[in-house]
Amino acid sequence: MNQKKNQWYCLLVIISLFFIPRLGYADKWGSIIIPAGKPIQIGLGSMLSGDYASMGIDIKNGAEMAVLEKKSILGHPVILQAEDDGCGGPTSVAIAEKMCNNPLVVGVVGYMCSGGSKPASDIHNKYKVLMISPSSTAMELTSRGIPVFFRTCWNDATQARCAADFVIKNNWKKIVVLHDKSDYGQSLAHDFMNHISKNGLKILATEGLTRGDKDFTPILTKIKFMRPELIYFGGMAAEGVLLARQMKRTGIRAYFMSDDGCYTVKDFIQAGGRATNGCYVTYAKKPDAQWVKRFESCYGHCQTFSPQAYDATNILLEAVTQTAKKQTDGSLIIDKKVLRDEVAGIRYKGITGEIAFNSHGDRTGSVVVIYKVVEENGKRFFKQFAH
Amino acid sequence: MEYLLNPEILIAQIINGLTIGGIYALIALGYTLVYGILFMINFAHGEIFMFGSFGGFAVLTFLSNNGFSASHPTLSILCAFVVAIIIASSLGALLERVAYRPLRDAPRLSPLISAIGVSIFLQNAMMLFTKGRMQVYPDIIPENFIEIGWLSISCFQISIILGSLLLMAGLYAFIHKTKTGKAMRAVAENREAAFLMGIDVNRIITITFIIGSALAAAAGVMVGIYYTQINHMMGFIPGIKAFTAAVLGGIGNVPGAMLGGFFLGLAEALGVLVMPAQYKDLIAFGLLILVLIIRPKGILGEVVSERV
């Protein structure tokens, strides 16, 4: 009996030993040292191959443009270290470990998808490396008290509220909600429904579909039977565009509304053909027109989050410029805590508008608006809707 | 459940199910033909389907860029099918020669592993070639709809169902009415005896791969035109589903694969009516387990179980 008790004590001691260094670790921010002659690296994690690659490459282009324009900080060249995180949990975690253990990385622009940003932010918090996501909109990212997470995009609640208000204004009463079962799509759909039902409207049905699936006619046939006026979809363009096409195929005459995931000319408007005419999406106000011209002369069509990525990169670069201290041997020393506080308190005039962060890392005062796909003079594009 | 009592929604779902079922059946035939003769599962078959689809995509993109498809839409689609079939058939024959023939007398596990290796190789080759980006088939012919009251049926769906039935009828006639078909049946029955009777077994096996691949390529182009999006991973899920269909019908059994394909497509479409759409894949694989428990040799039976 006594021996057994001893075993328990041993176990307790071992477990508490396990915790002691960790507690100490969490308080330590430390600093980044860039040796003389070494470049300052800006990390980037987005999907560079696969179904949503055009969105990921667009983000990379935005960040790259900012880095190329900045060229150097205090004599150290700035380079972009881009990695393909596949928009998913496990890969994003692996990339986050890689980024955080790279001594030259001052911060990461990313990650692209909420499902990747969430686990990655835990890794970043462990090493206290900054991350500014241009595109992860899930609510829980900023509600978990992670001090190193910021975003230059909006959150799902803002976006879902904008969509829901529009629905209420148009007096659409029969609504079906679809999502792609991802963190992103599901939380959007959830917020949208919350807002709708708060205003006394009813949702006819909610259904999930699988990312990568191509055949949605069975589920749409079922929905058609409910005679909805609006189908709201929380998800990405690859599935959204198929829904729009197959809605026409099954003969549903409802409006289709989706989120920023579908705000891409290539994967939504062009891939969908005429079937996407009249579809609504929610997305930020158009960025600075001058900038768009400059961007498009280098990279072609501006897709979705390149403006947010450009601003995120610039904020990171600006904060590094403000906080880096040059040593006598030519190396740079950047205190991580000071760098973080600089970003948290920044007032930055970006191409997507004035940027400041609230205490959770969410952007204050960013406005999402409604766009509609229209065809005018043979050109099909997203037209900002009256607001 | 109220949906099941509504004849219109039932008819619409049956057409949806037959459309995807026809595609499953065409791919399943490739699995079953090869299994019938070699007793191996060609796991690279989904990738042959993918290559066929990309072949059709290349042709249609080329023809739509130079404006030919606008004036001759039917001819361009025919071209796409022919080129896709040629590409996929050559690939199938090549795989057989390079990856399977050297292993024909090896233990049964070796060709299976070789097939999985080939499958991963082909996926990655196409990923590097397309940079992993999704490709979109151009719109060659406008999609017309037949509307009967509440029902709306796409002419694409009708063409896929009829096209797949036609190809299957052609295959059935080929196997049962021609000399080569007879030789195929003989090799499937007993390879050594067929060899002793003077049948060139290697040639028959190559022909089997070519026919299976051609059917997959036809399915690939149909998928491209109907669903419009293709990428390097597109062969994986249909490949697994078609394999399920082949096992459902009784692997090695040609009418079984056809039946299995349509059965699976219908089960998926009708299953959505009684349970949430999230469970679509669950229906397919649940059915597979169920059939294997109740009828281990598949619905129509034949050689299964102990092999592979």
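## First stop: a covered strand

Select residues 280-284 of chain A. That's strand E12, and this strand is mostly covered, with five of its five residues buried. One thing to keep in mind as you click around: what you're looking at is a predicted model.

## Second stop: a three-stranded sheet

Staying in chain A, show strands E1, E14 and E13. They make an open sheet of three strands in the order E1-E14-E13, and the pairing is antiparallel. Which strands stand at the edges? They are E1 (31-34) and E13 (325-326) of chain A; each has a single partner strand, so one side of each is left without a neighbour in the sheet.

Zoom in on E1(A) and on strand E14, residues 332-335 of chain A. The two pair in the antiparallel sense over four bridges. For one example, click A:Ser31: its bridge partner in E14(A) is A:Asp335. Next, select residues 336-344 of chain A, and you've got helix H13, which packs on the sheet and touches E1 and E14 of chain A. The direction of H13 makes about 65 degrees with that of E14(A).

## Third stop: where the chains touch

Show both chains. The contact takes 26 residues from chain A and 31 residues from chain B.

Chain B has 12 helices and four strands. Its radius of gyration is 20 Å, close to the 19 Å that the globule rule gives for 308 residues, so chain B is as compact as a globular protein of that length. The C-alpha trace of chain B spans about 60 × 50 × 40 Å along its principal axes. Of the 308 residues in chain B, 49% count as buried.

Select residues 179-189 of chain B, which is helix H7; its buried residues are B:Met184, B:Val187 and B:Ala188. Turn the view to look down the axis of H7(B): the buried residues fall within an arc of 100 degrees, so they line one face of the helix. On the other side of H7(B), you'll find B:Lys179 and B:Glu189 exposed.

What covers the buried residues of H7(B)? Bring up helices H1 (7-38), H6 (155-177), H8 (191-196) and H9 (201-227) of chain B, which are among the elements that do.

Finish on B:Lys179. Why does B:Lys179 count as exposed? It has 7 C-beta neighbours inside 10 Å, and a residue with 12 or fewer is called exposed. Then draw a C-alpha to C-alpha distance from B:Lys179 to B:Ile37: the two are 142 residues apart in sequence and 16 Å apart in space.

Definitions and conventions
Residues numbered from 1 in each chain as written. Chains lettered and ligands numbered in written order. Predicted model: local features only at pLDDT ≥ 70, side-chain atom pairs only at ≥ 80, totals over all residues. Pairing = 2+ DSSP bridges. Contact = placed C-beta atoms within 7 Å. Axes fitted to C-alpha atoms, helices over the stretch in contact; angles between N-to-C directions. Rg over C-alpha atoms; globule rule 2.2 N^0.38 Å. Buried ≥ 20, exposed ≤ 12 C-beta atoms within 10 Å, placed from the backbone. Arc of directions from axis to C-beta.
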